Amino acid sequence: MSQQAEPPAKLKVSVGLSKLNTLRVSATAKFYIDVASLDDLRGALAWAEESGHKTLVLGGGSNLVFAGDFDGLVIRMQMAARHWEQVDDTGATLVLGAGENWHEAVLYAARAGYRGIENLALIPGTAGAAPVQNIGAYGVELCDTLVSVTALDRESNQLVCLDNMECGFAYRDSLFKRSPGSYIITGIRLRLSREKPLQFGYRDLEDYLGEGVSQELDALTVAEAVMAIRRRKLPDPEIIPNAGSFFKNPVVSIEQFSELKAAHPDVVGYPQSGTVKLAAAWLIDQSGWKGYRNARVGVHNRQALVLINHSGGTGQDVLELASDIRRSVQERFGVNLEMEPGIVGG
């Protein structure tokens, strides 16, 4: 009989996860470990493989729904690193460990006078999770500044450095999302600028900053404006548990948009190259869901994209509501809504 693998020193058994996901749904990890280094990570993965346990890598818990308990090892990324490289007169490269708080990193860069990620302020989660979803807001996506991702290749157990193109970024999508479990991100590099034009293309930002908005503003001012807008429109997960935007903005053909426009003249869409991105919040609102609540979960009354867990709902409660909303939008508009969060357990 082969000898059983020795568990890592930091390993915990039967750990509640309600405080580690922003929806605050109850779930339990059979095993749990915090990892702060590459050695910690490799040790945890080796033990899980030798013991026959599946693994889940957890960042800030802001983009997932626990549909039930996780019968395996939850690995929470705590790798810290935040420093500058390749500093010159026009810009610098910001290096972030996977465990760094994303919002704090945005403010760190803006206060240092660097532009590029200020529109992504107040997005919850960690730096290591940001490339998976290719986070975006107010006309800016992570891929606009990302130089490379450092990740552990699960097949070779070696660190690899993937450049921007190799990450396969698309709208709310990436290689890491399409190939879950193949890579574990340990750090990212972002090229930021002192000269790059600030992005004011969204009406909310233009309205908040006022007429005559100027490139003379600094990145921190834009970040603070984004924070104020988000706080006005979106609930704080610490007060009203939620997972942020629950649905992607669907992308349709120009022909389909024309048909929608004919039937629904007020439909909101943003033309792109050969397609139109619809406003999922408008579709949900027009389907009668904005502000809806049942006994446990509901839809936020100021932002229809946000599902809230107001009274101790389960992950299944959230997913059932999401399913009802998707069915309703499909029946009314013929448009399929895709969920942004991942589903774990159950």
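The sulfur of Cys167 lies 8.5 Å from the closest cysteine sulfur, that of Cys161, which is too far for a bond. In keeping with this separation, a search of the whole structure returns zero disulfides, a disulfide being a pair of cysteine sulfur atoms within 2.5 Å. In general, a disulfide is a covalent bond between the sulfur atoms of two cysteines. Cys167 is buried, with a relative accessible area of 0%, whereas Cys161 is exposed at 51%. Here buried means under 20% relative accessible area, exposed means over 50%, and partly exposed lies in between, with a 1.4 Å probe and protein chains only.

The structure is a predicted model, in which local features need pLDDT of at least 70 and side-chain atom pairs count only at pLDDT 80 or more, while totals for chains, interfaces and linings use all residues. Residues are numbered from 1 along each chain as its sequence is written, and side-chain values use heavy atoms, with hydrogens and water left out.

The secondary structure of the protein comprises nine helices and 19 strands; helices (H or I, at least four residues) and strands (E, at least two) are DSSP runs, numbered from the N terminus. For 346 residues, a compact globule would have a radius of gyration near 20 Å, and the value of 21 Å for the protein agrees with this. The radius is taken over C-alpha atoms, and the globule rule is 2.2 Å times the number of residues to the power 0.38. The C-alpha trace spans about 70 × 55 × 35 Å along its principal axes. Of the 346 residues, 47% count as buried. The accessible surface comes to about 16400 Å², of which 46% belongs to carbon and sulfur atoms; accessible areas come from the Shrake-Rupley method with a 1.4 Å probe, and for residues only the protein chains shown count as cover. Among contacts with a separation of 6 or more, residues 24 or more positions apart account for 61%, contact meaning heavy atoms within 4.5 Å.

In the unreviewed UniProt entry, the annotation "active site" covers Arg172, Ser245 and Glu340. These residues span 169 residues in sequence, yet no two of their C-alpha atoms are more than 11.2 Å apart, so they gather at one spot. UniProt positions are given in the numbering used here, feature names are shortened, and annotations may be inferred rather than shown by experiment. Ser245 is placed in strand β13 (residues 242-245) and is partly exposed at 31% relative accessibility. Not counting residues up to four places away in sequence, Ser245 touches Leu305, Val306, Glu340 and Pro341. Glu340 occupies the loop between α9 and β19 (342-344) and is buried, at 10% relative accessibility. Leaving aside neighbours within four places in sequence, the contacts of Glu340 include Arg172 and Ser245, together with Asn63, Gln133 and Lys177. Phe246, Phe247 and Lys248 are also in contact with Glu340.

Side chains of opposite charge can pair when their charged atoms come close. A search of the whole structure identifies 11 salt bridges, each being a side-chain nitrogen of Lys or Arg within 4 Å of a carboxyl oxygen of Asp or Glu. One of them joins Asp88 to Arg191, with the closest N and O atoms 3.0 Å apart. This pair links distant parts of the chain, as Asp88 lies in the loop between β6 (82-85) and β7 (91-97) and Arg191 in strand β12 (residues 183-193), 103 residues apart. Asp88 is partly exposed at 37% relative accessibility, and Arg191 is likewise partly exposed, with a relative accessible area of 29%.

A further salt bridge connects Asp173 with Arg178, the closest N and O atoms being 3.1 Å apart. In this pair Asp173 is buried at 17%, whereas Arg178 is partly exposed at 46%. Arg327 and Asp324 also form a salt bridge, with a closest N and O distance of 3.0 Å. Both residues belong to helix α9 (residues 315-333), three residues apart, about one turn of the helix. Arg327 is partly exposed at 42% relative accessibility, as is Asp324 at 34%.

His83 is located in strand β6 and is partly exposed, at 35% relative accessibility. Excluding residues up to four places away in sequence, His83 touches Thr93, Leu94 and Val95. His83 and Thr93 are 10 residues apart in sequence, with a C-alpha to C-alpha distance of 8.4 Å.
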